[in-house]
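This report describes surface patches and the overall build of one protein. Please consult the sequence and the structure shown here while reading.

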Amino acid sequence: SWQLRTYPSLARFLCAELTRGYFLEHNEAKYTERRERVYTCMRIPRELEKLMIFGFFLCLDAFLYVFTLLPLRVLLALLHLFTMPCCGLRGSLLLQPAQVCDIFKGLIMVLCYSMMHYVDYSMMYHLIRGQSVIKLYIIYNMLEVADRLFSSFGQDILDALYWTATEPKERKRDSIGVIPHFIMAVFYVFLHAILIMVQASTLNVAFNSHNKSLLTIMMSNNFVEIKGSVFKKFEKNNLFQMSNSDIKERFTNYVLLLIVCLRNMEQFSWNPDHLWVLLPDVFMVIASEIAVDIIKHAFITKFNEITADVYSEYRASLAFDLVSSRQKNACTDYSDSVARRMGFIPLPLAVLLIRVVMSSVNVQGALSYSCLLLFYLGMVTLKVLNSIVLLGKSCVYVKRANMEDKLFERPSTAAPGKTPSRTRKTSRCTSNKQRHVVTSEIFLTTKEEEGMEGTELKHRTPKKDLLDVDRFTICGNRID
């Protein structure tokens, strides 16, 4: 018996394995944290989809603005231009800066739509259809990268045009002129519309392929995005930018699917039976996009220890942009604010959609024009209702996040006598007092300022609030 207790045996080993206990209460904090992580992952789909739905309707509001209110604003600006004298008594132009920007937007839309008539959609479709599956997969990936690059530079081109056209006359100008900027803007919108058209044609080829192999490969490409995002370090601001990019990407995909359905229905003489053939593929693409976003954000928040409540903060920040742009003296249009925050530029997408609709629908006769007018009035009604609901929800989100005071903050001014030689600024006009938030990160102090020999660099890196995230960083993909 002494030998059985002293020396190990198979019987004692099996007995120990069968009767061994777990003392989890000795490490209560660790297992409580693990349980909270599980609960956080379970909350991510609901909180993420709340943000995505809110962002989707923000993009929809900016997109409908191009079709509904922008033409009316352009007509009012032109009416004001042709019925009133061009200059006042003091030599100041009677056109407001917003009216000048509206006229330029209208001219860009008209010129790009005219140029799109020289692009044959059917020839592009058959050219893409003749390529191999692997080549189309590579082309589609290249188009996604090119779309992000175009979006990152496009709003800068448009902002440069607007500022050059509305810059005060008494200020010394260092620009190349309004006409070159206008030509650059037209060239950009046209090229971006062509790029989106190639994307829509590639997706249309995938829908119409017999074995659906290209569509399967394109959907599996979304899961590659998880590999490139999940295992990187993310802060709250970086995740905010990624969320905005995902909102823009999802809305753009919905518009591409709409274009594909319009083209297919036009080819089959608007037979409603063909729509039921397309719907399973459409739902499969949408489901894969939603699944990829949920998995990606769930694991990013898990690995970086970010709570699910951060998405309500993101939603409040987007709501703050909407509320601040509705102030009396806001210095930016709401659609431009959405473009800077999410990287969503509605002009190229609107030009392409108008081109596809006008080529797919034959408008002839008084009845057709009456239906077109009713459809326009319906879009105006949808735009107004969407704006009212969004504004009401945004006020609730801003109040819930205790951000009302930031709407009425006075602009921050630098101390007199200080001249920073390198300063990064982020300015935002958001209230009737013209609030400017200026974020300065790097100051260079010289020896005259400090009374010392040599030059000393002082780095001040404050912790950024979500409202101070550089909204001029388009696409939401900059990782600091």
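## Positive patch

In this predicted model, a patch of positive charge on the surface is formed by Arg46, Lys50, Lys393 and Arg400. Two helices, H3 (28-67) and H15 (365-400), each contribute at least two residues to the positive patch.

Arg46 lies in helix H3. The relative accessible area of Arg46 is 59%, and Arg46 therefore counts as exposed, the cut-off being over 50%.

## Nonpolar patch

A nonpolar patch on the surface consists of Phe223, Phe231, Ile295, Phe299 and Phe303. Together these residues have about 510 Å² of accessible area. The helix that gives the most to the nonpolar patch is H11 (residues 272-303), which supplies three residues.

Phe223 belongs to helix H9 (residues 213-230). With a relative accessible area of 39%, Phe223 is partly exposed.

## Overall build

The protein contains 16 helices and two strands. It has 480 residues, of which 42% count as buried. Among contacts between residues at least 6 apart in sequence, 80% join residues at least 24 apart.

The protein exposes about 27,300 Å².

Methods:
Residues numbered from 1 in each chain as written. Predicted model: local features only at pLDDT ≥ 70, side-chain atom pairs only at ≥ 80, totals over all residues. Heavy atoms only, no water. Patch = residues over 30% accessible without salt bridge, like charges linked within 9 Å, V, L, I, M, F, W, Y side chains within 5 Å. Areas by Shrake-Rupley, 256 points an atom, 1.4 Å probe, with all protein chains shown as cover. Salt bridge = Lys/Arg side-chain N within 4 Å of Asp/Glu carboxyl O. Lys, Arg positive; Asp, Glu negative; His and termini not counted. Charge placed at Lys NZ, Arg CZ, Asp CG, Glu CD. Helix = DSSP H or I, 4+ residues; strand = E, 2+ residues; numbered from the N terminus. Buried < 20%, exposed > 50% of the residue type's maximum accessible area, 1.4 Å probe, protein only. Contact = heavy atoms within 4.5 Å.
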